Amino acid sequence: MPTLILVRHGRSTANTAGLLAGWTPGVALDERGSAQAAALPARLSALPISAVVTSPLQRCRETVAPLLAARPGLPEHTEDRIGECDYGDWSGRKLAELADEPLMEVVQRHPSAAAFPGGESMRAMQTRAAEAVREWNARVEHEHGEDAVYVMCSHGDIIKSLVAEALGLHLDLFQRISVEPCSVTAIRYTRLRPFLVRLGDTGDFASLAPREEPPGDDATVGGGAGAP
């Protein structure tokens, strides 16, 4: 079965503003995010990519634009099911404000029981994304062969949930996974099991350096902004 290259979108204006974007329209890449996207074609240059599948949201489409420009004729597809989690009434709000919401503790400690007001549950988010991957695996294999490699550009919580699903981890453990903006995660699927062969690879170790304000114990909902 194919190898799936999961790319999180580059850093967005919502990331730097500390907002939980969700499906809010008009969230674009910021200057650094655009630079990350511009570097993506060179990072993936050794791969014989058969197709690109992207979330319909602007920040993902902007992330794959340089890759598509560098490879004229590369098929591009849009897939709603790998769009960001529907955070409902939380969409567009500041993460700092949401930290005091009782639901946030559930999102952090017991995400399989978390459902966003006016939105969807994290369980439903994982299910739809995993179903999309299985269907695209079959389609890509049928159209391009069992050794094909293809790219999916999606969002932090989506990618983390797909990694957890591939590893057989309960969704309640997915907040232990971290994927930075424009990071590359690779999963090789086989008939019997998936293999996680890359996780959150940016090619840059700057985010591992100590920070003036060390990160807290909680995961950043939506994925965080990456290295400062």
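Strand 2 (residues 49-54) and strand 4 run parallel and are joined by five bridges; two strands count as paired if DSSP finds at least two bridges between them. Helices and strands here are DSSP runs numbered from the N terminus, with at least four residues of H or I for a helix and at least two of E for a strand. This is a predicted model, in which local features need pLDDT of at least 70 and side-chain atom pairs count only at pLDDT 80 or more, while totals for chains, interfaces and linings use all residues. Residues are numbered from 1 along each chain as its sequence is written, and side-chain values use heavy atoms, with hydrogens and water left out.

Strand 4 also pairs with strand 1 (residues 3-8), in the parallel sense and over six bridges. Val-149 of strand 4 is the bridge partner of Ile-49, and Val-149 is also the bridge partner of Thr-3. Six of the six residues of strand 4 (residues 149-154) are buried, so this strand is largely enclosed by the rest of the structure. Buried means under 20% relative accessible area, exposed means over 50%, and partly exposed lies in between (1.4 Å probe, protein chains only). Val-149, Val-151 and Cys-153 cover one side of the strand, and Tyr-150, Met-152 and Ser-154 the other, all of them buried.

The next topic is the aromatic rings. A search of the whole structure finds two aromatic pairs. Rings of Phe, Tyr and Trp (its six-membered ring) pair if their centres lie within 6.5 Å; planes under 30 degrees apart count as stacked, over 60 as edge-to-face and the rest as tilted. Tyr-87 and Phe-116 form an edge-to-face pair, 5.0 Å centre to centre with 90° between the planes. Tyr-87 lies in the loop between strand 3 (76-78) and helix 4 (95-98), and Phe-116 in the loop between helix 5 (102-109) and helix 6 (122-144), so the pair ties together parts that are 29 residues apart in sequence. Tyr-87 is buried, at 0% relative accessible area, and Phe-116 is buried at 3%. Trp-90 and Phe-116 form an edge-to-face pair as well, with 5.3 Å between centres and 65° between planes. Tyr-87, Trp-90 and Phe-116 make up one aromatic cluster.

Charged side chains come next. The whole structure holds eight salt bridges, a salt bridge being a side-chain nitrogen of Lys or Arg within 4 Å of a carboxyl oxygen of Asp or Glu. Arg-81 meets Glu-135 in one of them (3.0 Å, N to O). This pair links distant parts of the chain, since Arg-81 is in the loop between strand 3 and helix 4 and Glu-135 is in helix 6, 54 residues apart. Arg-81 also forms a salt bridge with Glu-79 (3.0 Å, N to O). Glu-79 is buried at 9% relative accessibility, whereas Arg-81 is partly exposed at 24%.

Another salt bridge joins Lys-160 and Asp-157, with the closest N and O atoms 3.7 Å apart. Both residues lie in helix 7, three residues apart, about one turn of the helix. Lys-160 counts as buried at 3% relative accessibility, and Asp-157 counts as buried at 0%.
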